[in-house]
Amino acid sequence: MDIYCPCCGAKTGRLLCQVSSIPVMVNQLCRTERAARAVLRGDIALVCCEECGTVWNCSYYPEKLSYDAKYDNSQDLGREYRAHFRRMVDFLSSNVELKGKRVLEIGCGKGLFLTSLAKETGCLACGVDPSYLGEEKSADGLCAFLKKAYDQELARALGEGTFDCVIMRQVFDQLPNPRVMMQTIASNLRDGGYLYVEGLEFQNLLNQRSILDLSYERYTYFTAESLNK
């Protein structure tokens, strides 16, 4: 089977590791032990592109994933995460003038980060996530939420050049076609706008031997070098 890099398209890759029969959804809540044992499983076969350095799971099938109301990746009860959360808000509010600006967060989860950002900066925010649970608006109307997956159809509905800033936190590595999706995201961003992407750095994963960060939900893994390419 021919294997092509999802980022640069090169027909070259080196197998790094394989893991068989793991749950495809790490953050899916199950009501019973029986339901948890019966969850859908998949394989991980990590391949490294020898042209651009991108690492991806060539055994990944996005149709196996279901980001619905049972999906919950909230970590806001943890002290370390709350500190990180605060640093992210401070970084954006101090580096980008967001007051009155339009901000899109792709994969906003339960909307906590975006609500905090809107309250802090006075931005006009839109959060998109199929697993979102809550009111359609928050932060005294500054935030609006869409319980939908971000795709090309939704991007067209949101409008070309609509947003001054687009935010993705731990989301970009889960997009099934990162090259096309980045072009789609760019269409929603105005000229001179800001793109904020937070993600796992693959070299750090290796250095820290963080095996738990290998999950089926992640399709791609990037290094600083591969992102620059």
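How far is the sulfur of Cys52 from the closest cysteine sulfur? In this predicted model the sulfur of Cys52 lies 3.7 Å from that of Cys5, which is too far for a bond. A disulfide is taken as a pair of cysteine sulfur atoms within 2.5 Å, and by this rule the count comes to zero disulfides. Cys126 is likewise in no disulfide, the nearest cysteine sulfur being that of Cys108, 8.1 Å away. Cys52 is buried, with a relative accessible area of 8%, and Cys126 counts as buried at 10%; buried means under 20% relative accessible area, exposed over 50% and partly exposed in between, with a 1.4 Å probe and protein chains only.

Because the model is predicted, local features need pLDDT of at least 70 and side-chain atom pairs count only at pLDDT 80 or more, whereas totals for chains, interfaces and linings use all residues. Residues are numbered from 1 along each chain as its sequence is written, and side-chain values use heavy atoms, with hydrogens and water left out.

Helices (H or I, at least four residues) and strands (E, at least two) are DSSP runs numbered from the N terminus, and two strands pair if DSSP finds at least two bridges between them. Six strands form an open sheet in the order E6-E7-E5-E4-E8-E9, with mixed pairing. Its edge strands, E6 (137-138) and E9 (189-198), each pair on one side only. Strands E5 (residues 124-128) and E7 (residues 143-146) run parallel and are joined by four bridges. Ala125 has Cys143 in E7 as its bridge partner, and Cys126 stands opposite Ala144 in E7. E6 and E7 pair in the antiparallel sense over two bridges, with Lys137 opposite Ala144. These two strands form a hairpin with four residues between them, and Ala139 in the turn has a positive phi of about 55 degrees. Cys143 and Phe145 make up the covered face of E7, and Ala144 and Leu146 the uncovered one.

Helix H5 (residues 178-188) lies across strand E4 (102-106), E8 and E9, running at about 130 degrees to E9; axes are lines fitted to C-alpha atoms, for helices over the stretch in contact, and angles run from 0 to 180 degrees between N-to-C directions. Contact means heavy atoms within 4.5 Å. The buried residues of H5 are Pro178, Met181, Thr184, Ile185 and Asn188. They cover an arc of only 120 degrees around the axis and therefore fall on the same side of H5, the arc being that of the directions from the helix axis to the C-beta atoms. They pack against E4, helix H4 (152-158), E8, E9 and strand E10 (220-221). In helix H3 (residues 112-121), the buried residues are Phe113, Leu114, Thr115, Leu117, Ala118 and Thr121. Their cover includes H2, E4, E5, E6, E7 and E8.

Rings of Phe, Tyr and Trp (its six-membered ring) pair if their centres lie within 6.5 Å; planes under 30 degrees apart count as stacked, over 60 as edge-to-face and the rest as tilted. By this rule the count comes to seven aromatic pairs. Phe91 and Tyr196 form a tilted pair, 6.0 Å centre to centre with 45 degrees between the planes. This pair links helix H2 to strand E9 across 105 residues. Phe91 is partly exposed at 44% relative accessibility, whereas Tyr196 is buried at 16%. Ring pairs also link Tyr60, Tyr216 and Tyr219 into a cluster.
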